[in-house]
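Take a walk through this predicted model.

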Amino acid sequence: MIQYSLKCCNGHAFDSWFQSADAYDKLSKAGMVSCATCGSTQVEKAIMTPRVQSARSSAEMPRAENSDRPEAQHQPTKAEIERVLNALRAKVEANSDYVGREFAREARKIHLGEAPERAIYGEAKPEEAKALIEDGVPVAPLPFIPSRKTN
């Protein structure tokens with residue numbers, strides 16, 4: 001895993017993890033790397049300082065009082081991550097239509113203008129998601145499994 005500091009065309013800065021540098025390049029070229037604040041897919045790597053930890057434990061290392069990047073000092077706790085993911089889930093569910101396993105079909109219809117344009121979320125098999133990306137349909141994976149809704 002590799003963490004990149006990223007910034008979008010609107011000046012928002014954020015960090016994201018990727019399986020590898022190649023994985024970042026592929027996702028970026030496919031338009032699947034988007035700003036965590038505004039959703040823009042015009043994202044580029046920002047200048048970053050490598051995090052190198054010596055053999056001494058981090059508890060023994062003094063912390064800089066006036067760091068340019070205070071977020072680099074704070075590693076989020078599991079509870080903080082869960083809170084952010086739950087907030088994201090709530091926002092997606094409140095502002096998007098759940099289309100379930102018909103996600104790939106519905107996303108393609110919207111892209112082709114055969115269905116009304118709207119935000120959707122759902123489930124897709126890996127090969128379906130890959131085909132959407134290859135066909136230029138703008139999709140992105142969610143960092144959570146959608147709640148299955150019944151009618």
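Gly113 follows helix 3, and its phi is positive, near 80°. Step back into the helix itself. Helix 3 spans residues 103-112, and its buried residues are Phe103, Ala104, Glu106, Ala107 and Ile110. They cover an arc of only 165° around the axis, so they sit on the same side of helix 3. Arg105 and Leu112 are exposed on the other side of helix 3. What covers the buried residues? The cover includes strand 4, strand 5 and helix 4 (126-134).

Now turn to the rings. A pair of aromatic rings is described by the distance of the centres and the angle of the planes. The model has four aromatic pairs. One of them joins Tyr4 and Tyr24, with 5.1 Å centre to centre and 65° between the planes. That pair is edge-to-face, because the angle is over 60 degrees. Tyr4 lies in strand 1 (residues 2-8) and Tyr24 in helix 1 (residues 21-29). The pair links distant parts of the chain, 20 residues apart. Tyr4 has 8% relative accessibility and Tyr24 has 5%. Both fall under 20%, so both count as buried.

Tyr98 and Tyr121 form a tilted pair, because their centres are 5.2 Å apart and their planes meet at 55°. Tyr98 belongs to strand 4 (residues 97-100) and Tyr121 to strand 5 (residues 120-122), so the pair ties together parts 23 residues apart in sequence. Tyr121 is buried, at 2% relative accessible area.

Ring pairs link Phe18 with Tyr4 and Tyr24 into a cluster.

Conventions: Residues numbered from 1 in each chain as written. Predicted model: local features only at pLDDT ≥ 70, side-chain atom pairs only at ≥ 80, totals over all residues. Heavy atoms only, no water. Phe/Tyr/Trp six-rings, centres within 6.5 Å; stacked < 30°, edge-to-face > 60°. Helix = DSSP H or I, 4+ residues; strand = E, 2+ residues; numbered from the N terminus. Buried < 20%, exposed > 50% of the residue type's maximum accessible area, 1.4 Å probe, protein only. Arc of directions from axis to C-beta. Contact = heavy atoms within 4.5 Å.
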